[in-house]
Amino acid sequence: MDFVTLAGLLIAFSSVFLANWLGGGEVILLLNLPSAIIVIVGSIGATLIQSSIQEAARALLLIKWSLFPPSYDFNSARALINNLAHKARRLSLLALESDIEALGNRFSSRALQMAVDGTDPDLLSDRLHDDAIRIYDKRMKSVSFIESIGGYAPTLGIMGSVLGLIQAMANLDSPEALGHGIAVAFVSTLYGQGFANLVIFPITKKLSGYVDKELLYHQLLIDGICGIAMGKHPYRLDLELNTYE
């Protein structure tokens with residue numbers, strides 16, 4: 001679990017409540033269920049209108065990376081490719097067939113299977129690059145879906161404030177109720193800005209970083225396995241892959 005994300009969320013929200021408390025505000029005024037519903041549920045609904053259920057499902061799976069990020073160990077990948085290169089040079093490319101399932105990565109297993117099957121190295125490189133880009137584009141669509149939620153949130157917050165003011169104006173004959181109603185109304189604006197800038201946008205930034213790292217990791221695997229298929233010397237191949245980190 002990525003405790004940095006949890007710590008960041010805790011610090012961000014604590015700063016809001018602390019500032020409100022230091023300013024003499026009541027914490028209870030910041031807790032408003034209708035405001036949360038119109039901002040969070042409304043933003044998700046608006047984003048669904050512009051997207052498909054498949055994109056929403058993929059985004060839901062991707063968002064878990066913010067707490068449980070994928071692991072891309074470049075050093076281990078380089079060491080594995082180096083061992084495979086030595087084995088292929090000592091025995092043959094076909095000898096790597098027993099290592100396909102042991103790779104533990106769907107992308108690298110498919111790449112090595114194609115290499116063992118005798119796919120032309122140039123054709124292999126092109127196909128794997130296309131696959132890597134397709135994976136990247138699909139991931140970024142999910143990131144864009146999540147980012148769109150943050151784009152709608154501030155506007156939905158303003159709409160919530162307008163609704164709250166309409167309700168508050170119904171209590172013009174009661175100054176005390178009117179003041180409380182106006183205070184609660186502006187909580188929706190706070191929720192909209194806070195949900196977008198303290199939750200959604202930081203998470204999408206982190207997810208974009210993971211997606212970029214995944215693409216670089218796939219590039220390492222492509223160059224390594226294609227190098228093995230071309231018969232490159234293991235030491236030369238290792239030098240070329242040392243730039244990936």
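Here is a walk through this predicted model, from its nonpolar core out to its surface and its salt bridges.

Let's start on the inside. In soluble globular proteins, nonpolar side chains tend to be buried together. Here, the largest nonpolar core has 50 residues, and L112, L128, L207 and I228 are the ones that touch the most other members. The top contributor is α8, with 16 residues.

On the surface you can find a nonpolar patch formed by L33, I37, I40, V41, I44 and L48, which together have about 510 Å² of accessible area. Take I44 as an example: this residue sits in helix α2, and its relative accessible area is 34%, so I44 counts as partly exposed.

Now look for charge on the surface. D120, D122, D126 and D130 gather in a negative patch. One of them, D130, belongs to helix α6, which covers residues 121-169, and with a relative accessible area of 44% D130 is partly exposed. There is a positive patch too, made up of R58, R106, K138 and K141; K141 is also in helix α6.

What about opposite charges? Side chains of opposite charge can pair when their charged atoms come close. In this model, the count comes to six salt bridges. One of them links R134 with D131, whose closest N and O atoms are 2.3 Å apart. These two are three residues apart in helix α6, so about one helical turn separates them.

Another salt bridge joins E214 and R139, with 3.0 Å between the closest N and O atoms. Here E214 is in helix α8 and R139 in helix α6, so the pair ties together parts that are 75 residues apart in sequence. E214 is buried, with 6% relative accessibility, whereas R139 is partly exposed, with 28%.

For a last pair, head to helix α9, where E240 and R236 lie four residues apart, about one turn of the helix. Their side chains meet in a salt bridge of 3.2 Å, N to O. Salt bridges can also share partners: that is how R110, D131 and R134 are joined into one network.

How values were computed. Residues numbered from 1 in each chain as written. Predicted model: local features only at pLDDT ≥ 70, side-chain atom pairs only at ≥ 80, totals over all residues. Heavy atoms only, no water. Patch = residues over 30% accessible without salt bridge, like charges linked within 9 Å, V, L, I, M, F, W, Y side chains within 5 Å. Areas by Shrake-Rupley, 256 points an atom, 1.4 Å probe, with all protein chains shown as cover. Salt bridge = Lys/Arg side-chain N within 4 Å of Asp/Glu carboxyl O. Lys, Arg positive; Asp, Glu negative; His and termini not counted. Charge placed at Lys NZ, Arg CZ, Asp CG, Glu CD. Buried < 20%, exposed > 50% of the residue type's maximum accessible area, 1.4 Å probe, protein only. Core = buried A, V, L, I, M, F, W, Y, C linked by side-chain atoms within 4.5 Å.
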